Amino acid sequence: MTESNFSGLGLHEPLLRALRAEKYDRPTPIQERAIPKLLAGKDLLGIAQTGTGKTAAFGLPILQTLAADRRRPEPRTARALILAPTRELAIQIGEALRTYGRHLSLRQALVYGGVNQRRQVDAMRRGVDILIATPGRLLDLMNQRHVRLDGVRHFVLDEADRMLDMGFIHDVKKIVAALPTERQTLFFSATMPNAVSRLAGSILTDPVRVAVTPSATPVERIEQSVYFVPAAEKRALLAEILSDPALDRTIVFTRTKHRANRVADQLGKAGISAEAIHGNKSQGARQRALEGFRGGKVRVLVATDIAARGIDIDGVTHVINFELPNVAEDYVHRIGRTARAGADGAAISFCDPAEQAHLSGIEALTKRRLTVARGEPTRQAPANTNRKQARPTKPSRRRRSRPQKARRAA
Ligand code: AMP
């Protein structure tokens with residue numbers, strides 16, 4: 001198939017020409033699903049990480065819409081604002097949009113911290129079509145009246161989870177408050193913890209939801225099992241499972257940074273070499289932990305969903321979900337860390353009674369039931385789990401990898 005695929009999404013010739021030059025033969029899943037809706041003016045909630053083609057998914061329709069309406073931006077304003085958590089990402093987005101929009105002659109500016117602001121102020125003086133910014137510096141320039149946001153018609157919040165993880169929530173809220181209410185909003189996040197989901201709910205209007213997982217995840221090839229275990233027994237279970245030397249290079253996932261630290265400390269005390277990586281660690285500390293893990297000095301990496309993003313390490317033998325993610329797509333991202341490059345891998349999940357609804361969501365998404373390694377779901381599952389409503393009193397009919405142990409007062 002050729003670029004007719006992209007034209008089928010409603011994109012016009014100047015963009016198609018640029019895509020041809022980039023040798024983009026066909027749209028990625030997020031592009032296919034998002035572009036027509038965005039051209040129609042809808043808001044979007046995109047659950048996607050880097051590597052899925054999300055930049056083109058939001059960039060192409062915005063470029064086309066801006067080019068179709070040749071209104072000049074007023075001085076110090078932008079018609080589209082793209083907010084990114086880091087300078088590196090902002091630069092990368094800027095480069096991508098320049099590439100896609102090379103036949104459109106739209107004006108673009110980049111605003112980020114760590115450099116002198118003079119050139120950025122100059123770039124904004126006449127106004128731009130597209131402004132790509134990090135939150136801190138943008139607020140600085142707004143406070144100095146070098147930038148106004150009242151002309152923004154398209155707003156993109158990219159990597160929202162990382163934005164919150166880096167402590168930008170208040171900055172983001174201030175920026176959103178300065179935007180006109182009449183606008184199109186696109187919200188991207190690789191993970192959807194509660195705080196991110198609340199933020200999305202507060203700034204989106206009737207959004208289209210598109211969730212994609214990295215295409216290379218061979219979920220079918222990963223052996224997946226679940227231990228039903230009370231929260232208080234998870235620590236002991238983890239140590240027990242890790243006493244098996246077959247778990248050579250293992251990533252343990254937790255939902256919070258705090259828990260990642262605790263688990264890594266506890267493993268260390270139990271004589272298992274472990275390091276935590278999460279957003280509160282410095283770049284240097286994260287790098288050291290990753291190198292130790294890659295080199296085999298660190299056997300267990302304890303990570304939050306966000307920190308684990310972008311980590312590409314071969315030879316991960318096991319992924320252990322110490323806590324289940326509350327968004328099913330995150331489960332697929334997590335377990336995709338193992339079984340890379342044709343190797344086999346295993347994913348082990350701990351599920352306490354409060355997490356059973358998450359497990360149902362995961363099984364619905366992956367369309368398979370996890371093998372029960374131990375325990376069984378509790379009877380008083382939350383009301384929204386079909387599992388228990390369907391058969392309230394019968395014992396679990398799940399496949400079992402070994403005989404079920406007797407449980408206390410189940
Ligand atoms: P992103 O997820 O936006 O960071 O994009 C990941 C990479 O995929 C970038 O290097 C893009 O240039 C590339 N890419 C995006 N869309 C396509 C496509 N439809 N075909 C081929 N490559 C693409």
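Predicted model: local features only at pLDDT ≥ 70, side-chain atom pairs only at ≥ 80, totals over all residues.

Zoom in on the β3 end. Strand β3 covers residues 108-111, and strand β4 covers residues 128-133. They run parallel, joined by 4 bridges. Which residue of β4 is the bridge partner of Leu-110? It is Ile-132. On to β2, residues 78-83. That strand pairs with β4 over 5 bridges, again in the parallel sense. Ala-80 stands opposite Ile-130 of β4. β3, α6 (residues 118-125) and β4 make a β-α-β unit, and the unit is right-handed.

Now the sheet that holds β10. This one is open as well, with 7 strands in the order β10-β11-β9-β12-β13-β8-β14. The pairing is parallel. At the edges stand β10, residues 274-277, and β14, residues 371-374. Each has a single partner strand, so one side of each is left without a neighbour in the sheet. Ignoring direction, neighbouring strands are turned by 25° against each other on average.

Two details from this sheet. Strand β8 (residues 222-228) and strand β13 (residues 345-351) run parallel, with 7 bridges between them. Gln-224 is opposite Ala-347 of β13. Then there is helix α12, residues 257-269, which lies across β9, β10 and β11. Relative to β11, α12 runs at about 165°.

Next, helix pairs. Two packed helices are described by the angle between their axes and the distance between the axes.

Pair one is α4 (residues 54-68) with α5 (residues 87-100). The angle is about 50°, and the axes are 10 Å apart. That makes α4 oblique to α5. The crossing is right-handed. From α4, the contact uses Thr-55, Ala-56, Phe-58, Gly-59, Leu-60 and Leu-63; from α5, Ile-93, Ala-96, Leu-97 and Tyr-100. By class, that contact has 8 nonpolar residues, 2 polar and no charged.

Pair two is α7 (residues 135-143) with α9 (residues 169-177). Their axes come within 9 Å and cross at roughly 45°. These helices are therefore oblique to each other. Pro-135, Gly-136, Leu-138, Leu-139 and Met-142 of α7 meet Asp-171, Lys-174 and Ile-175 of α9. The classes here are 5 nonpolar, 1 polar and 2 charged.

The axes come within 8 Å, crossing at roughly 70°. So α15 is roughly perpendicular to α16. On the α15 side we have Ala-328, Glu-329, Tyr-331 and Val-332; they meet Gly-361, Ile-362, Leu-365 and Thr-366 of α16. Sorted by class, the contact residues are 5 nonpolar, 2 polar and 1 charged.

That is the tour. Thank you.

Definitions and conventions:
Residues numbered from 1 in each chain as written. Heavy atoms only, no water. Axes fitted to C-alpha atoms, helices over the stretch in contact; angles between N-to-C directions. Parallel < 35°, antiparallel > 145°, perpendicular 65-115°, else oblique. Contact = heavy atoms within 4.5 Å. Nonpolar A, V, L, I, M, F, W, Y, C, P; charged D, E, K, R; others polar. Pairing = 2+ DSSP bridges. Right-handed = clockwise from strand over helix to strand, strands pointing away. Left-handed = near helix turned anticlockwise from the far one by under 90°.
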